[in-house]
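Welcome! Take a moment to look over the sequence and the 3D view, and then we will walk through a few charged and nonpolar side chains together.

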Amino acid sequence: MDEVIEFFNGLFSTSEWPPRWKCGYWSNFHGWLYIISELMIWTAYFLIPLIILNYLSKKKAALKFNRAYAYFAAFIVLCGSTHFLDAMMFWVPMYRLNSVVRLATAIVSLATVYHLVRILPEVFKQKTSVELEREIQKRIEVEKKLAEANKGLEAFVYLASHDLQEPLRKIRTYSTLLLETNKEKFDDKGKELLTKVVSSSERMQTMIKDILSLSTIDESAELSVIDPSNAVNQALEDLEIKILEKNAVINIGKLPSVVGNEAYLSQLFLNLLSNSLKFNARQPIITIKGEVKNDIAYISFSDNGIGISENNLDKIFGAFQRLHSKSDYEGSGIGLAVCKKIVDLHGGTISVNSKIGEGTEFIVELPASL
């Protein structure tokens with residue numbers, strides 16, 4: 001123990017040994033060759049950790065095994081320090097300090113090895129750059145085929161929808177005409193059956209139009225800085241008759257400018273307003289307001305309608321999700337799916353808060369114009 005205490009008390013002492021220049025025979029060439037070589041090694045050992053740490057600071061979030069990089073950097077710094085001290089010993093013989101630095105180097109070296117052994121199984125699971133390139137290439141090919149398939153599907157849906165609407169229009173028109181011109185010839189049962197035909201054809205037409213709306217939303221649509229008030233006003237014009245029929249009260253606050261597509265936002269607002277008018281057993285009172293927080297524009301649509309149960313809040317944005325019977329409320333169950341797709345196209349989100357019997361609030365988050 002006395003030797004240990006004496007050792008650390010004289011850790012920086014240089015009096016027990018002569019400088020290395022005086023140990024044995026060193027020619028100028030031999031000595032400076034040794035010194036310069038050690039300092040060059042130390043310089044490299046010093047710069048490598050700086051590069052590693054700089055890399056870590058910029059890529060920290062994307063890198064795995066950050067601790068391994070840190071261990072490796074510490075190991076290299078300590079190794080470089082031993083070379084630096086070896087060079088300095090030609091003038092300052094700090095043999096005790098050199099031995100402590102070498103011990104620290106040994107400990108960090110073993111810790112680095114231990115950590116590397118621990119992470120090796122996970123390291124072996126990581127894909128090489130060649131494997132990643134192959135995977136990326138495969139995904140590009142799959143996405144290309146999927147895009148082609150989607151184009152074909154969209155074209156098919158568009159054509160099918162238009163082709164289906166014409167015979168349905170005729171069924172609806174002729175059934176209505178038949179019912180109106182032959183009222184006296186039909187008994188109550190016949191009138192009921194014809195009414196059901198007309199009603200079913202109307203629902204089918206509505207569903208086809210909604211499917212067409214959902215399938216033809218262009219994800220490459222041009223976005224620009226717009227005033228959403230214009231889109232709201234367009235939706236209100238389209239719903240003018242329903243608003244008058246329901247004697248609805250629409251309160252509109254100041255809305256922040258957003259980055260979006262006015263036509264699609266008009267369709268979004270139309271669907272939300274239409275729902276507020278439809279799902280309401282009293283005089284509808286609808287409030288539209290907006291605000292900006294952290295470069296995000298929040299536009300809310302709140303009403304005093306029948307509300308949505310908490311159990312159904314996570315279902316309403318799916319296609320063909322109906323929460324009420326067709327006899328109670330008309331519609332295809334696609335409207336909110338269209339809303340979700342339009343909001344996704346804008347890189348935003350849509351959420352809902354609701355209580356049965358008290359009303360519903362939809363909150364649309366869109367990129368605000370800076």
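Does R102 count as buried, partly exposed or exposed, and what is its relative accessibility? R102 counts as partly exposed, at 41% relative accessibility. Keep in mind that this is a predicted model. Here is a short tour, grouped by topic.

**Salt bridges**

- Side chains of opposite charge can pair when their charged atoms come close.
- The count of salt bridges here comes to 5.
- One of them joins the side chains of R102 and D86, at 3.0 Å from N to O. R102 lies in helix α4 and D86 in helix α3 (residues 66-88), so this pair ties together parts that are 16 residues apart in sequence.
- Another salt bridge brings together the side chains of R96 and E16, at 3.7 Å from N to O. This pair links distant parts of the chain, 80 residues apart: R96 sits in helix α4 (residues 95-125) and E16 in the loop between α1 and α2.
- R96 is buried, with a relative accessible area of 8%, whereas E16 is partly exposed at 39%.
- K293 and E291 also form a salt bridge, with their closest N and O atoms 3.8 Å apart. K293 is partly exposed at 45% relative accessibility, and E291 is partly exposed at 41%.

**A buried arginine without a salt bridge**

- You can find R20 in the loop between α1 (2-9) and α2 (28-59).
- R20 is buried yet has no salt bridge. The nearest side chain of opposite charge is D86, 4.0 Å away.
- The side chain of R20 does have a polar contact of 3.4 Å with the side chain of Y34.
- Apart from neighbours within four places in sequence, R20 is in contact with W26, Y34, D86, M89, F90 and Y95.

- W32, I36, M40, W91 and V92 make a nonpolar surface patch of about 500 Å².
- I36, one of these residues, is found in helix α2. I36 counts as partly exposed, at 43% relative accessibility.

**A loop residue to look up**

- F279 has its place in the loop between α9 (262-278) and β4 (285-293).
- F279 is partly exposed, with a relative accessible area of 22%.
- F279 and G305 are 26 residues apart along the chain, and their C-alpha atoms are separated by 5.7 Å.

Technical notes: Residues are numbered from 1 along each chain as its sequence is written. This is a predicted model: local features need pLDDT of at least 70, side-chain atom pairs count only at pLDDT 80 or more; totals for chains, interfaces and linings use all residues. Side-chain values use heavy atoms; hydrogens and water are left out. Helices (H or I, at least four residues) and strands (E, at least two) are DSSP runs, numbered from the N terminus. Buried means under 20% relative accessible area, exposed over 50%, partly exposed in between (1.4 Å probe, protein chains only). Lys and Arg count as positive and Asp and Glu as negative; His and the chain ends are not counted. A polar contact is a pair of N or O atoms within 3.5 Å; within protein, one must be able to donate a hydrogen and the other to accept it, and residues adjacent in sequence count only if both atoms are side-chain atoms. Contact means heavy atoms within 4.5 Å. Patches are made of residues with over 30% relative accessible area and no salt bridge: like charges are joined within 9 Å, nonpolar side chains (Val, Leu, Ile, Met, Phe, Trp, Tyr) within 5 Å. Accessible areas come from the Shrake-Rupley method with a 1.4 Å probe; for residues, only the protein chains shown count as cover.
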